[in-house]
Every structure is written in structure tokens, then in C-alpha cells.
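Please look over the chain shown below before reading the numbered points. They begin with a single residue and then widen to the sheet and the chain.

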Amino acid sequence: MKSIKISRRDFLGLSLVAGGAVAITESLFVGLRFLSPRATEGEFGGQFNLGPYEQYPPGSVTPVEAGRFYLVRLQDSGFLAVYQRCTHLGCSVPYDQSSGQFVCPCHGSKFTTEGDVLTPPAPRALEIFQLSVSEAGDLIVDTGTIIERDQADPSQVVYAQG
């Protein structure tokens with residue numbers, strides 16, 4: 001068997017190249033992982049299981065802080081998941097229980113519970129998230145995709161079978 005002889009200089013050079021390749025690979029992996037969106041259940045950008053639809057009375061607006069949205073149950077028992085960001089400049093829009101409206105504290109835009117603009121400067125209705133009802137009757141909201149809309153539309157309201 002023939003042995004391979006390598007000089008110390010060549011060995012150190014190959015070691016540096018191999019170490020550099022490992023460092024670059026690790027850096028790329030960490031960088032891509034950092035830049036990729038998180039879609040963890042229960043965090044913004046993921047899905048939220050809000051439990052049985054029966055626990056939300058008609059005419060209620062329930063804030064879901066971790067999801068940055070409001071679960072709105074309309075008087076006719078339909079549901080909407082309304083994003084709490086104003087369509088004017090992105091301010092967080094709280095729900096004013098006394099007036100029954102979403103009121104932007106930054107520039108005074110007002111919205112209906114469905115998200116329609118009542119008072120500008122907001123150019124369009126509040127955005128919503130996809131909402132569905134599971135077979136078990138749980139409300140599932142997916143905050144991974146924001147649904148932009150010019151105005152509220154009855155076709156966007158989700159109704160639970162029951």
C-alpha cells in the first residue's frame with residue numbers, strides 16, 4: 001500500500017479551506033433561517049384556534065392581542081377576523097365599545113364593526129384574515145395572509161353551521 005505524503009504547508013492550506021467552507025455554510029444556514037418567516041401556531045403569521053364559536057355572543061368584538069386582530073361576531077351571527085392596523089398609516093386601531101366603532105387614535109379614521117370606513121382619511125376598509133370553522137366547531141384564523149379590500153362585502157363573512 002502506498003502512503004500519501006503531504007507537506008505541513010499543504011495540510012494547513014487544506015484545513016483553512018475546509019474550515020472556511022464550513023463557516024460559510026453555517027452562516028448561510030443561519031441567515032436563511034433568520035430571514036424566513038415564522039408561521040408558528042398561536043403567533044402572528046400563524047394560525048389561531050379560538051375555540052368553539054358558541055362562546056362568542058352575537059354583536060361581540062373580541063381582541064386577540066397575539067394575533068393583532070379582532071374577532072367580530074356580527075348581530076346576524078357571522079364572523080370576521082379584522083386586522084387591527086389602520087389602512088391610512090398603519091396605526092393600531094382600538095375598538096371603542098361605547099360607539100361600537102373602530103377609532104384610529106392617530107388621524108381620527110372611524111370604521112364599522114365590519115371594517116368599512118365611516119370617517120376618512122383611511123382610504124379603504126380594514127383588512128381581514130382568513131377565518132374558517134373546523135368540523136369540531138372551533139374558529140381558526142390564519143394570520144399568514146392579509147386580505148386587502150376596498151370595502152366590506154357580505155361574501156367575506158363566515159357563518160358556522162349549527
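1. Gln101 counts as buried because its relative accessibility is 19%, where buried means under 20% relative accessible area with a 1.4 Å probe and protein chains only. The model is predicted, so local features need pLDDT of at least 70 and side-chain atom pairs count only at pLDDT 80 or more, while totals for chains, interfaces and linings use all residues. Residues are numbered from 1 along each chain as its sequence is written, and side-chain values use heavy atoms, with hydrogens and water left out.

2. Leaving aside residues up to four places away in sequence, Gln101 touches Pro94, Tyr95, Asp96, Lys110, Phe111 and Leu118, a contact being heavy atoms within 4.5 Å.

3. Gln101 lies in strand E6, residues 101-103, a strand being a DSSP run of E with at least two residues, numbered from the N terminus. E6 is joined to strand E7 (residues 110-111) by two bridges, and the two run antiparallel; strands pair if DSSP finds at least two bridges between them. Val103 has Lys110 in E7 as its bridge partner.

4. The open sheet has four strands in the order E5-E6-E7-E8, with antiparallel pairing. Strand E5 (95-96) and strand E8 (117-119) stand at the edges with a single partner strand each, so one side of each has no neighbour in the sheet.

5. Across the chain, the secondary structure comes to one helix and ten strands, a helix being a DSSP run of H or I with at least four residues. Buried residues make up 34% of the 162 residues, and the C-alpha atoms fill a box of roughly 85 × 40 × 25 Å along the principal axes.

Methods
Buried means under 20% relative accessible area, exposed over 50%, partly exposed in between (1.4 Å probe, protein chains only).
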